[in-house]
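Dear colleague,

I am handing over the structure below, together with a short account of what was found in it. Please have the sequence and the model open while you read.

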Amino acid sequence: GNTSDGVQDLGLSVGRYRDAYLSGGIHLGGVGSANKLEDYEEGTWTGSISFGGGTTGQSYAGNTGYYTKVGRAVTITVYVNFSNKGSSTGNAKIEGLPFTCTGGSAYNPGGLHLNQVSFTGFPQAYVLVGQTTISLGQTSESGTFSNLTHSNFTNGTGLIFATTYMTDA
């Protein structure tokens, strides 16, 4: 008959529940709106590289991506490997993110690995706000940023990238 707060466990370490089906969210660590988790999702996506928005003649030895979305935070990884980089020209972007980026670009210079790409600076990548694309570039030792383009890539170029960005979806 008495109300108690924070003293009752649901399940035991040796007597766990198997599945939980909720019609709403779950509050973790508190009762405020900041503690409410309403969305969790995992999936795959197909990443592709465009040059100036075009993909003419491209083919891939591999192009796979994975994502985990917890609330508004989306963590993605992508692997892309050209067998033919095609003939499109212009700035390089990874296309096809699973959710639109909102609230600020996700900038991650440490999460990008490029193989068989010609550049003189430090590789850079960032998710573009309001879009489902990642811009690829380089920063020189003096701090000047420039976009990577079709001419920086080869038919054997491989790319691995990971970052977390925010979405409203």
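**Strand β5 and its surroundings**

S59 stands opposite N84, a residue of β6. The two strands concerned, β5 and β6 (residues 73–84), pair in the antiparallel sense, and 11 bridges join them. As background, the strands of a sheet pair through backbone hydrogen bonds, in either a parallel or an antiparallel way.

Both strands belong to an open sheet of five strands, whose order is β3-β5-β6-β13-β9 and whose pairing is antiparallel. At the edges of this sheet lie β3 (40–45) and β9 (112–117), each of which pairs on one side only. From one strand to the next, the twist averages 5 degrees.

Y66 counts as partly exposed because its relative accessibility is 48%, between the 20% and 50% cut-offs. Leaving aside residues up to four places away in sequence, Y66 touches G43, T44 and W45, and also T75, I76 and T77. D9, by contrast, is 57 residues from Y66 in sequence, and their C-alpha atoms are 34 Å apart in space.

Please keep in mind that this is a predicted model. The chain has a mean pLDDT of 88, with 95% of its residues at 70 or more. Among its elements, β3 has the highest mean pLDDT (96), whereas strand β8 (residues 106–107) has the lowest (58). Where pLDDT is low, the predicted coordinates should not be read in detail.

With kind regards

Technical notes:
Residues are numbered from 1 along each chain as its sequence is written. This is a predicted model: local features need pLDDT of at least 70, side-chain atom pairs count only at pLDDT 80 or more; totals for chains, interfaces and linings use all residues. Side-chain values use heavy atoms; hydrogens and water are left out. Buried means under 20% relative accessible area, exposed over 50%, partly exposed in between (1.4 Å probe, protein chains only). Contact means heavy atoms within 4.5 Å. Two strands pair if DSSP finds at least two bridges between them. Helices (H or I, at least four residues) and strands (E, at least two) are DSSP runs, numbered from the N terminus. Axes are lines fitted to C-alpha atoms, for helices over the stretch in contact, and angles run from 0 to 180 degrees between N-to-C directions. pLDDT is the predictor's confidence in each residue, from 0 to 100.
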